[in-house]
2 protein chains.
Amino acid sequence: MPARFTALVDSLPATVPFVGPEAQERVRGRPFRARIGANENGFGASPMAVAAMAAAAAEAWKYCDPESHDLRHALAAAHGVTPAHVMVGEGIDGLLGLVVRLVVEPGTPVVTSLGAYPTFAYHVAGFGGRLVTVPYHDDREDPEALLAAVRRTGAPLVYFANPDNPMGTWWSAEAVAELVAALPTHTLLLLDEAYAEFAPAGVSPRLAPDDPRVLRLRTFSKAHGLAGIRVGFAVGAPAVIAAFDKIRNHFGVNRIGQAGALAALGDGDHLVRVRAAVSAARSRIAALARANGLLPLPSATNFVTVDCGRDGAHARRVLDALLARDVFVRMPGVAPLDRCIRVGCGRPEELDVLEQEWPAALSAATAAASG
Amino acid sequence: MPARFTALVDSLPATVPFVGPEAQERVRGRPFRARIGANENGFGASPMAVAAMAAAAAEAWKYCDPESHDLRHALAAAHGVTPAHVMVGEGIDGLLGLVVRLVVEPGTPVVTSLGAYPTFAYHVAGFGGRLVTVPYHDDREDPEALLAAVRRTGAPLVYFANPDNPMGTWWSAEAVAELVAALPTHTLLLLDEAYAEFAPAGVSPRLAPDDPRVLRLRTFSKAHGLAGIRVGFAVGAPAVIAAFDKIRNHFGVNRIGQAGALAALGDGDHLVRVRAAVSAARSRIAALARANGLLPLPSATNFVTVDCGRDGAHARRVLDALLARDVFVRMPGVAPLDRCIRVGCGRPEELDVLEQEWPAALSAATAAASG
């Protein structure tokens, strides 16, 4: 290849943040029996959302509304802000890419936790930012350390997920509010609340809606069971929200996705049912982990991160043994988090497969280590 | 606002490439009776595609396949290339943004035609590129002038639409192949073929699939009647296609969209019906234009660009008068193209509205000018 691309692009690795389960199934030559690795919501979307999407399919010859007007207004009402406080985007992933582009130039320091969401780090690298990481503390992100790193580096951007992925742990709303209050004037906090609907009350803080220092990120991929439609949204100060319009793909949010998200937002009963089902699955996974001699971490999400009790190599062997037994799970990428595997709150029949296969997977992992 | 964003972002205007018809309807307080301004396909998608999307809606709790495996393989077969030659993205708009990001740094010269697709210019501005424009010649893009501008500026990126939007005109496959053959080694041609399915035979060239100098852009938004699902694709050399993986939003192409596009690709009969309906509509719009004393340009697309016979101010008055009469149309943005309006190949009932309202709109435009 001639030097066709920018020096930055040429410097980027060809690796991708995640390999999808479909790709793994194609390599394996057979489907997983338990799809519980991508923090999807197997309890599914609201039937009202499914019906709205089927109806919207017949209108798919029309471009989507680039302003996501109806959805944005409904979200504003639901969150007690104005529509000017809300931006709808192609999932949180898409919004993360846009925010990084708004803020990051080559060399810009950006703060995150070591082992936090890889797609954020991918976007920071993609715009040439300098990733500054702080370690997790007791399997939780460490707000004080994040703040200290922001102060030390002058970073204009910091990422914090609450509840956290991949560990499932969380901080109180008060702790988050304290972090926001202590931010320098020029720093933007990305508060990723993808899992907020699964958390106990008192985890999502009330924040001043016009504070330009914080952007709250939410999604329809998790509690609403609509990962496939790629609809996320940001809530923040209108001056920050308005900046998206300068750079985003205006017609990027699929028409059927907008319809599905709007209908899902209106079905509070379904959300209640999903929360209950996820809570039950969480308890069952924790009990199964303990029955297998492993330590489940507390979780405020739709997955349970399970400490396999040894190092990353051991957890990787457990993971591989589960994959070989048709159980799709994932694990954190870096030490010391990678002593764990991450098990999603699947449907009962999927957890039946997990229950059946877990003991043999652990035996196989142990045998492989000593073999 | 504090200086929260990059200097580049701060320098960008808050304008957006297009205002959607929904936004205009909200301002007007009533719907359009003829939605023929956005080059949509009112004859709609294949019933097979609609059914596939409705079925996929029930599976929307799963993330989409980030590799768009099935769709990409089907597209490769249809285009006589390998899957490594194909990248699926969030519409041509999304792919344009990614290509610009791959190639353009602040100050990079980029060549296009003055008045060509605004979203491309939007992305070039968004990455700080220096847009170098050449005029249309006889209402067609001018390959020789584009090439001369590439040579003069050393531009690594040049945009050429065939057939063209907003004028509807086209060049032969031979002319395009000559343009490609004459490109400098390091220059990438974006060959936007969004309207290719509406063109006569012999317009889309055969190109060497491994030539890294040309990227062909196609979409499901036009002939396939799926503008709302945001699925486009690029066909090019594997080394160029692979670069997308370094920067794209991997999970950005909606699961339902992938299913709809795949089914649409399999329904050749529907495409034949759409082509015939568009051809008939094209003839009718041209006849209506002539009956109203206006000059329709020849078209190889699903719209007819109509010369209103005077300057841009007059065409704008005609457009406004049509909008006031519930006919959604658009017009080119710069002189001398802006002496025209662009009329989409709508359904018969929409063209009935156009037929009914066009004479009064022209009278109103003339009266407004002399008033």
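The side chains of E67(A) and R26(B) meet in a salt bridge, with N and O 3.2 Å apart, a salt bridge being a side-chain nitrogen of Lys or Arg within 4 Å of a carboxyl oxygen of Asp or Glu. This is a predicted model, in which local features need pLDDT of at least 70 and side-chain atom pairs count only at pLDDT 80 or more, while totals for chains, interfaces and linings use all residues. Residues are numbered from 1 along each chain as its sequence is written, chains are lettered from A and ligands numbered from 1 in the order in which they are written, and side-chain values use heavy atoms, with hydrogens and water left out.

**Interface of chain B and chain A**

- Across the interface of chain B and chain A there are six salt bridges, and the count of residue pairs in polar contact, with both residues at pLDDT 80 or more, is 52. A polar contact is a pair of N or O atoms within 3.5 Å; within protein, one must be able to donate a hydrogen and the other to accept it, and residues adjacent in sequence count only if both atoms are side-chain atoms.
- On the side of chain B that touches chain A, the elements giving two or more residues include α1 (7-11), α2 (21-28), α3 (47-57) and α5 (91-103) of chain B, where helices (H or I, at least four residues) and strands (E, at least two) are DSSP runs numbered from the N terminus.
- The largest share of that side of chain B comes from α5(B), with five residues.
- By class, the side of chain B that touches chain A has 39 nonpolar, 20 polar and 21 charged residues; Ala, Val, Leu, Ile, Met, Phe, Trp, Tyr, Cys and Pro count as nonpolar, Asp, Glu, Lys and Arg as charged, and the others, Gly among them, as polar.
- In contact terms (heavy atoms within 4.5 Å), 80 residues of chain B meet 80 residues of chain A.
- About 6700 Å² is buried between chain B and chain A, and carbon and sulfur atoms give 59% of it; buried area is the accessible area (1.4 Å probe) that two parts lose on being put together, summed over both.
- R4(B), W61(B) and Y63(B) supply 14% of the area that chain B buries against chain A, more than any other three residues.

**Two domains within chain A**

- The domain assignment of chain A gives domain 1 (19-44 + 269-370) and domain 2 (47-266), with bounds that come from an automatic or database domain assignment.
- The C-alpha centres of domain 1 of chain A and domain 2 of chain A lie 26 Å apart, and 24 residues of domain 1 of chain A are in contact with 22 residues of domain 2 of chain A.
- Between them, domain 1 of chain A and domain 2 of chain A bury about 1900 Å², 64% of it on carbon and sulfur atoms.
- On the domain 1 side of chain A, L271(A), A300(A) and L337(A) lose the most area to domain 2 of chain A, together 27% of what that side buries.
- One salt bridge is counted between domain 1 of chain A and domain 2 of chain A, and 13 residue pairs are in polar contact across their interface, both residues at pLDDT 80 or more.
- The elements that each supply at least two residues of the domain 1 side touching domain 2 of chain A are α11 (268-291), β10 (303-307) and β12 (340-344) of chain A, and α11(A) gives the most, with six residues.
- The residues on this side of domain 1 of chain A divide into 12 nonpolar, eight polar and four charged.

**Further salt bridges**

- Over all chains, the structure holds 42 salt bridges.
- R339(A) forms a salt bridge with D139(A), the closest N and O atoms being 2.6 Å apart.
- E197(A) pairs with R218(A) in another salt bridge, at 3.9 Å between the closest N and O atoms. Because E197(A) lies in the loop between β6 (188-192) and β7 (214-219) of chain A and R218(A) lies in strand β7 of chain A, the pair ties together parts that are 21 residues apart in sequence.

**A sheet in chain B**

- An open sheet of three strands in chain B has the order β9-β10-β12, with antiparallel pairing, where two strands pair if DSSP finds at least two bridges between them.
- β9 (295-296) and β12 (340-344) of chain B stand at the edges with a single partner strand each, so one side of each is left without a neighbour in the sheet.
- β9(B) pairs with β10 (residues 303-307) of chain B in the antiparallel sense over two bridges, and P296(B) stands opposite V306(B) in β10(B).

**Backbone features**

- Most residues other than glycine have a negative phi, and most peptide bonds are trans.
- The peptide bond from N162(B) to P163(B) is cis, with omega near -5 degrees, and P163(B) is found in the loop between β5 (157-161) and α8 (173-181) of chain B.
- The peptide bond from A335(B) to P336(B) is cis, with omega near -5 degrees, and P336(B) is found in the loop between β11 (327-328) and β12 of chain B.
- N39(A), a residue other than glycine, has a positive phi near 55 degrees and is placed in the loop between β1 (34-35) and α3 (47-57) of chain A.
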